[in-house]
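Please examine the sequence and the structure shown below.

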Amino acid sequence: MTTNKDNIEQLIESDDLATAEEQTRLLINDQPNDPDAQILLGRILGMQGKYNDALQALQTGLQLDSENSNAWFFLGYTQEQLELIEKAIESYTKAMNFGYDNSQVHYQIGKIYANRYKHRNLEQAKRHLI
């Protein structure tokens with residue numbers, strides 16, 4: 001199997017995440033400075049619940065491309081899963097600033113304000129969800 005992003009996306013779609021992770025790591029070995037490969041790895045690791053590893057891959061991707069809206073969004077989601085709520089809100093906001101779908105970002109932030117007890121703020125939740 002040739003290692004490329006299209007083949008890896010097909011593996012993700014077929015729910016073969018272990019092989020997708022392996023192929024993405026091979027891709028990174030071949031192209032260590034490709035931010036998209038690092039971000040793809042972070043996405044795959046997050047889908048497997050490996051949030052600490054996902055965090056590291058996404059941060060590496062952002063070191064290579066600090067304006068990648070997908071990376072900021074996935075970083076926010078990963079931080080949310082790790083209960084790094086303030087950082088998640090910051091990352092979601094950066095995703096929006098760099099062009100990620102505003103409605104999805106507002107939904108994620110609104111969900112945090114509506115459901116996270118320590119951060120519960122129904123006015124903020126309402127503002128984002130509307």
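Is Lys50 buried, partly exposed or exposed? Lys50 counts as partly exposed because its relative accessibility is 32%, where buried means under 20% relative accessible area, exposed over 50% and partly exposed in between (1.4 Å probe, protein chains only). This is a predicted model, in which local features need pLDDT of at least 70, side-chain atom pairs count only at pLDDT 80 or more, and totals for chains, interfaces and linings use all residues. Residues are numbered from 1 along each chain as its sequence is written, and side-chain values use heavy atoms, with hydrogens and water left out.

**Surroundings of Lys50**

- Lys50 lies in the loop between helix H3 (35-47) and helix H4 (51-64); helices are DSSP runs of H or I with at least four residues, numbered from the N terminus.
- Apart from neighbours within four places in sequence, Lys50 is in contact (heavy atoms within 4.5 Å) with Glu21 and Leu45.

**Aromatic rings**

- Rings of Phe, Tyr and Trp (its six-membered ring) pair if their centres lie within 6.5 Å; planes under 30 degrees apart count as stacked, over 60 as edge-to-face and the rest as tilted.
- By this rule there are 3 aromatic pairs.
- Phe73 and Phe74 form an edge-to-face pair, at 5.9 Å centre to centre and 75° between the planes.
- The pair of Phe73 and Tyr92 is tilted, because the centres are 5.4 Å apart and the planes are at 50°.
- This pair links distant parts of the chain, with Phe73 in helix H5 (residues 69-81) and Tyr92 in helix H6 (residues 85-97).
- Both Phe73 and Tyr92 are buried, whereas Phe74 is partly exposed at 22%.
- Ring pairs join Phe73, Phe74, Tyr92 and Tyr100 into a cluster.

Note on methods
Helices (H or I, at least four residues) and strands (E, at least two) are DSSP runs, numbered from the N terminus.
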